[in-house]
Structure formats: C-alpha cells, structure tokens
Amino acid sequence: MAATERLAAALARLSRSGDTIALSGDLGAGKTALARAFIRQRLGRPDEEVPSPTFTLVQTYGEVEDEIWHADLYRLARPDEAIELGLEDAFGHAIVLIEWPDRIAGLLPRDRLEVAIGFDAGQVRQATLTPYASWIDRMPLLSTR
C-alpha cells in the first residue's frame, strides 16, 4: 500500500485542472486505493473520507478552481451514460479520476494519463503509466520517493 500512496502523491503533485487520469485493472487491483490516496494528497487532508463511487458513479471534492471528480464507471451500460453524469464538462475544468475507463473509451480526452494496475507473477502490485499529450512532458518529473 505504501507504494500506491507514493505513486498517488506523485501524481497529485503533477496534476492540474483539466487533467484526466484513467485507472484500469481487474476488480481488487487497487484503482480505488490509488484514487483515495490521490484525493487525500491533493486536498491536503489525509483523513478525508473518500467513499468508492461504485453506486453513486461520481463523487466530487475540492473547490471550483481545484475540483476533483472521482468516477467509477463499472456499472455503466452504455458510453453515452457518462454524458448524463456531466463527465464531458468536467474534462475541461476538473481533475478527473476514472475507474473502468474502457466503458467510455471513445469519449476519453486525448490529453490523459492511463494507469493500468495489475499483479506480476509473484502477486506484487504493479502500475504501468501511459502518458498522452501534456502528460508526456511531465513524466520525467514523476518521482515516487
């Protein structure tokens, strides 16, 4: 868990309004744990209650100028349901963390960071980061120390 929290803290430091971070991985891989740690770090409130948005689909945090949207799209039946949630509007101004981004693959912004979480043969959690657009220039600044 410490490595997940370090990665979340590093991403929170590099993130800015309008960013999208797409979190993928199997059930139990650690997507929600990463999102929780990111939100707590970004808000500077380590004890912030960050419930999983599995049933609400979206939770929002922070102020308008530094708003964070945490979406869990596992239960979406169709990509256009994400439009009804207001995600397209959030992409332009908020930091958007999306679990199960494959549910809306065609609607994801071009400028995003994809974080795929899984386990290696020894059952050690690993994260693979794939940057697009502005995230490419920020990746050299990523430090989890």
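This is a predicted model: local features need pLDDT of at least 70, side-chain atom pairs count only at pLDDT 80 or more; totals for chains, interfaces and linings use all residues.
Q: Which residues of α2 are buried?
A: Accessibility is computed with a 1.4 Å probe on protein chains only; buried means under 20% relative accessible area, exposed over 50%, and partly exposed in between. In α2 (31–43), the buried residues are Lys 31, Thr 32, Leu 34, Ala 35, Ala 37, Phe 38, Ile 39 and Leu 43.

Q: What covers the buried residues of α2?
A: Contact here means heavy atoms within 4.5 Å. The cover includes one helix and several strands: α1, β1 (20–24), β2 (58–61), β3 (68–72), β4 (95–99) and β5 (113–119).

Q: Is Thr 32 buried or exposed?
A: Thr 32 sits in helix α2. Its relative accessible area is 15%. That is under the 20% limit, so Thr 32 is buried.

Q: Which side chain makes a polar contact with that of Thr 32?
A: A polar contact is a pair of N or O atoms within 3.5 Å; within protein, one must be able to donate a hydrogen and the other to accept it, and residues adjacent in sequence count only if both atoms are side-chain atoms. Beyond four places in sequence, Thr 32 is in contact with Ser 52, His 70 and Glu 99. The polar contact of Thr 32, at 2.8 Å, is with Glu 99.

Q: How far does α1 reach from its first C-alpha to its last?
A: α1 has 13 residues, with 18 Å expected at 1.5 Å a residue. The model comes close to this, at 19 Å.

Q: Which elements do the buried residues of α1 pack against?
A: The buried set is Thr 4, Leu 7, Ala 8, Ala 9, Ala 10, Leu 11, Ala 12 and Leu 14. These residues pack against α2, β5, β6 and α5.

Q: Beyond its neighbours within four places in sequence, which residues does Thr 4 contact?
A: Thr 4 is part of helix α1. At 11% relative accessibility, Thr 4 counts as buried. Its contacts are Ala 33, Leu 34 and Arg 125.

Q: Which residue's backbone oxygen lies 3.1 Å from a polar atom of the Arg 13 side chain?
A: Arg 13 is in helix α1. Arg 13 is exposed, with a relative accessible area of 52%. The backbone oxygen belongs to Ser 143.

Q: What volume does the largest pocket have?
A: Rolling a probe the size of a water molecule over the atoms shows where empty space is left. On a 1 Å grid over the protein atoms alone, a cavity is a set of points where a 1.4 Å probe fits but cannot get out, while a pocket is an open set with protein on both sides within 12 Å along at least five of seven lines; lining residues have an atom within 4 Å of a point. Grid points are joined across faces, edges and corners, and a volume is the space filled by probe spheres set on the points. For the largest pocket this comes to about 180 Å³.

Q: Which element supplies the largest share of the lining of the largest pocket?
A: Eleven residues line the pocket, with Glu 5, Arg 36, Ala 37, Arg 40 and Pro 46 nearest its centre. α1 and α2 each supply at least two lining residues. The largest share, five residues, comes from α2.

Q: How many charged residues are in the lining of the largest pocket?
A: Ala, Val, Leu, Ile, Met, Phe, Trp, Tyr, Cys and Pro count as nonpolar, Asp, Glu, Lys and Arg as charged, and the others, Gly among them, as polar. The lining has five nonpolar and two polar residues, and its charged residues number four.

Q: What is the phi of Trp 100?
A: Trp 100 is in the loop between β4 and β5. At 13% relative accessibility, Trp 100 counts as buried. Its phi is positive, in a residue other than glycine, and near 65°.

Q: What is the phi of Ala 133?
A: Ala 133 is in the loop between β6 (125–131) and α5 (134–138). At 23% relative accessibility, Ala 133 counts as partly exposed. Its phi is also positive, near 50°.

Definitions and conventions. Residues are numbered from 1 along each chain as its sequence is written. Side-chain values use heavy atoms; hydrogens and water are left out. Helices (H or I, at least four residues) and strands (E, at least two) are DSSP runs, numbered from the N terminus. The expected span of a helix is 1.5 Å times one less than its number of residues.
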